[in-house]
Amino acid sequence: MSQKHDHKPLSLRERSKQLRREMTGPEKTLWHEIRGRRLGGLKFRRQYPIENFVVDFYCHEHKLIIELDGDSHNERFEYDRSRQIRLEKLGFRVERFDNDEVLKELDSVLDSILRACGKQT
């Protein structure tokens, strides 16, 4: 008897594709503002694999990772912290924003991203 649903782990590439399809509301909001070089001419990728991780948004030109933290991240604090330390050791800069910041203070978040890339606001 064969099983139709073999639940093998997703590859990092498959996982990043799945995350792009299932973006949260705050991720969609931020992506709308930064996609297509809309923010200061910066090119961002979304749900991008780096090493063994999938980061929310990534700007290669500035080695900048943008991470959005929702309620689920409250329980994953130690994991997020160790992940961030690893990414920083690889030479990336990580900027974190709460989902509420994106939804309620979007202009401030965008200004912070521009400053992190050395762009004047």
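Me: How many aromatic pairs are there by the rule for rings?

Reply: Rings of Phe, Tyr and Trp (its six-membered ring) pair if their centres lie within 6.5 Å; planes under 30 degrees apart count as stacked, over 60 as edge-to-face and the rest as tilted. By this rule there are three aromatic pairs. One of them is stacked, because the ring centres of Trp-31 and Phe-57 are 6.0 Å apart and the planes meet at 15 degrees. This pair links distant parts of the chain, with Trp-31 in helix H2 and Phe-57 in strand E2, 26 residues apart. Helices (H or I, at least four residues) and strands (E, at least two) are DSSP runs, numbered from the N terminus.

This is a predicted model: local features need pLDDT of at least 70, side-chain atom pairs count only at pLDDT 80 or more, and totals for chains, interfaces and linings use all residues. Residues are numbered from 1 along each chain as its sequence is written, and side-chain values use heavy atoms, with hydrogens and water left out.

Me: Are Trp-31 and Phe-57 buried or exposed?

Reply: Buried means under 20% relative accessible area, exposed over 50%, and partly exposed in between (1.4 Å probe, protein chains only). Both Trp-31 and Phe-57 are buried. Tyr-48 and Tyr-58 also form a stacked pair, at 5.2 Å centre to centre and with 10 degrees between the planes. That pair joins Tyr-48 in strand E1 to Tyr-58 in strand E2, 10 residues apart. Tyr-48 is partly exposed, with a relative accessible area of 28%, whereas Tyr-58 is buried at 4%.

Me: Which residues form an aromatic cluster, and over which ring does the charged end of Lys-63 sit?

Reply: Tyr-48, Tyr-58 and Phe-92 make up one aromatic cluster. For the second point, a charge sits over a ring if NZ of Lys or CZ of Arg is within 6 Å of the ring centre and within 35 degrees of the ring normal. The charged end of Lys-63 sits over the ring of Phe-92, 4.6 Å from its centre.

Me: Which residues of helix H2 are buried?

Reply: In H2 (residues 25–34), the buried residues are Pro-26, Glu-27, Leu-30, Trp-31 and Ile-34. Seen down the axis of H2, they fall within an arc of 130 degrees, so they line one face of the helix; the arc is that of the directions from the helix axis to the C-beta atoms. The cover over these buried residues includes strands E1 (45–50), E2 (53–59) and E3 (64–69), together with helices H4 (99–104) and H5 (106–116). Just after H2, Gly-36 takes a positive phi of about 60 degrees.

Me: How many residues of E3 are buried, and which way do its side chains point?

Reply: Six of the six residues of E3 are buried, so this strand is largely enclosed by the rest of the structure. Leu-64, Ile-66 and Leu-68 point one way, while Ile-65, Glu-67 and Asp-69 point the other way.

Me: In which sense does E3 run relative to E2, and in which sense does it pair with E4?

Reply: Two strands pair if DSSP finds at least two bridges between them. E2 and E3 run antiparallel and are joined by three bridges; the bridge partner of Cys-59 in E3 is Leu-64. These two strands form a hairpin with four residues between them, and Lys-63 in the turn has a positive phi of about 50 degrees. E3 pairs with strand E4 (residues 93–98) in the parallel sense over six bridges, where Asp-69 has Asp-98 as its bridge partner in E4.

Me: How many disulfides does the structure hold?

Reply: A disulfide is a pair of cysteine sulfur atoms within 2.5 Å. The structure holds zero disulfides. The sulfur of Cys-59 is 4.7 Å from the closest cysteine sulfur, in Cys-117, which is too far for a bond. Cys-59 is buried at 0% relative accessibility, and Cys-117 also counts as buried, at 6%.

Me: What does Ser-16 touch?

Reply: Contact means heavy atoms within 4.5 Å. Not counting residues up to four places away in sequence, Ser-16 touches Gln-47, Pro-49 and Val-54. Ser-16 lies in helix H1 (residues 12–21) and is buried, at 2% relative accessibility.
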